Amino acid sequence: MFFQVEVTTHCTFTCFYCAGREMPQRHMGWPVFEMVLGRIPPGPHSVSLQGEGEPTLHPRFWEMVSRVRERGLAPTTITNGYELDAGRVAAELPTVAVSIDTLDEAEATRIGRLKLPRVLANLDALSAAMGPERIRIMTVDYGQDLDPVRRFVEAGRFGQHIVQPLQGKDDYARRYPDRVTRGGAYHYRCRFLLAPVMRYYDIDGREMPCCYIKDTSSFRSIDALAADLGRGVVPPACAGCREIMH
């Protein structure tokens, strides 16, 4: 099972598609983190310290990594690569993901992904320190030409390349309304509710079935989401989500 913990909403970038830029900018408190960690059962689980911010900005990020490892769990994260201690990442994280949307510096700056040459240099250092096979490249597909990034991933022999489309949920799409095309109808079934695929803990420690709920004002509980969908009602927290549409 996969667990994801939102340790901060602070970030060094201003990506246009990121819901986190509209959230209060703060770090997860240590007592909340310890509470969340205590709710994760023992086992061969991966725990990703990531949310709507740059995780390594948390002042106790590496302490969090150590606590995850002490519990016998596998820590990982997704970083934008701007501030990166390649040696420490290689030594303390079994795997890591780096976000790269484009190799065009002007385009990267335009969409809020800053200092691309520095990010790529840090990625080179990271690849040398830990081996490219332990690194995943994450790309958001917002309509750009993806071929250069795909060739870059293949040439670098990185372990995995994950391309994610823009999320159509209401609490995301208001940042890019001109890029959202909705079709089909709701089928009222969510894989995150049908089976425990993952658990997401937001910065306040609230447990949710997925990482897609950013406006939590209407969120009550995982069971309440399942009950609503079971009655053929779309919960406000899930409105527009591609996971329940076809």
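1. Phe192 has a relative accessibility of 5% and therefore counts as buried, the cut-off for that class being under 20%. This residue belongs to helix α8. The model under discussion is a predicted one, and the points below should be read accordingly.

2. The surroundings of Phe192 deserve a separate remark. Apart from its neighbours within four places in sequence, Phe192 is in contact with Val197, Met198, Arg199, Pro209, Cys210, Tyr212 and Glu243.

3. In α9, which spans residues 222–230, the buried positions are Ile222, Ala224, Leu225, Asp228 and Leu229. These residues lie on the same side of α9 because the arc they cover around the axis is only 165°. Asp223 and Gly230, on the other side of the helix, are exposed.

4. Against what does the buried side of α9 pack? The buried residues of α9 pack against α8 (191–194), β8 (198–201) and β9 (207–208). After α9 comes Gly232, which has a positive phi, near 80°.

5. Strand β5, residues 96–99, is buried at each of its positions: Val96 and Val98 point one way, while Ala97 and Ser99 point the other way.

6. The pairing of β5 can be followed on either partner strand. Strand β4 (residues 78–79) runs parallel to β5 and is joined to it by two bridges; Thr79 has Val98 of β5 as its bridge partner. Strand β6 (residues 135–141) is likewise parallel to β5, with four bridges between them, and Ala97 is partnered by Arg136 of β6.

7. The largest pocket contains about 1000 Å³ of space. Its lining consists of 42 residues, and those nearest the centre are Gln50, Glu52, Ile78, Met138 and Gln164.

8. Which element gives the largest share of the lining of this pocket? That element is β6, with four residues. At least two lining residues come from each of β1 (2–5), β2 (46–49), β4, β6, β7 (160–165) and α8.

Key
Residues are numbered from 1 along each chain as its sequence is written. This is a predicted model: local features need pLDDT of at least 70, side-chain atom pairs count only at pLDDT 80 or more; totals for chains, interfaces and linings use all residues. Side-chain values use heavy atoms; hydrogens and water are left out. Buried means under 20% relative accessible area, exposed over 50%, partly exposed in between (1.4 Å probe, protein chains only). The arc is that of the directions from the helix axis to the C-beta atoms. Contact means heavy atoms within 4.5 Å. Two strands pair if DSSP finds at least two bridges between them. On a 1 Å grid over the protein atoms alone, a cavity is a set of points where a 1.4 Å probe fits but cannot get out, and a pocket is an open set with protein on both sides within 12 Å along at least five of seven lines; lining residues have an atom within 4 Å of a point. Grid points are joined across faces, edges and corners, and a volume is the space filled by probe spheres set on the points.
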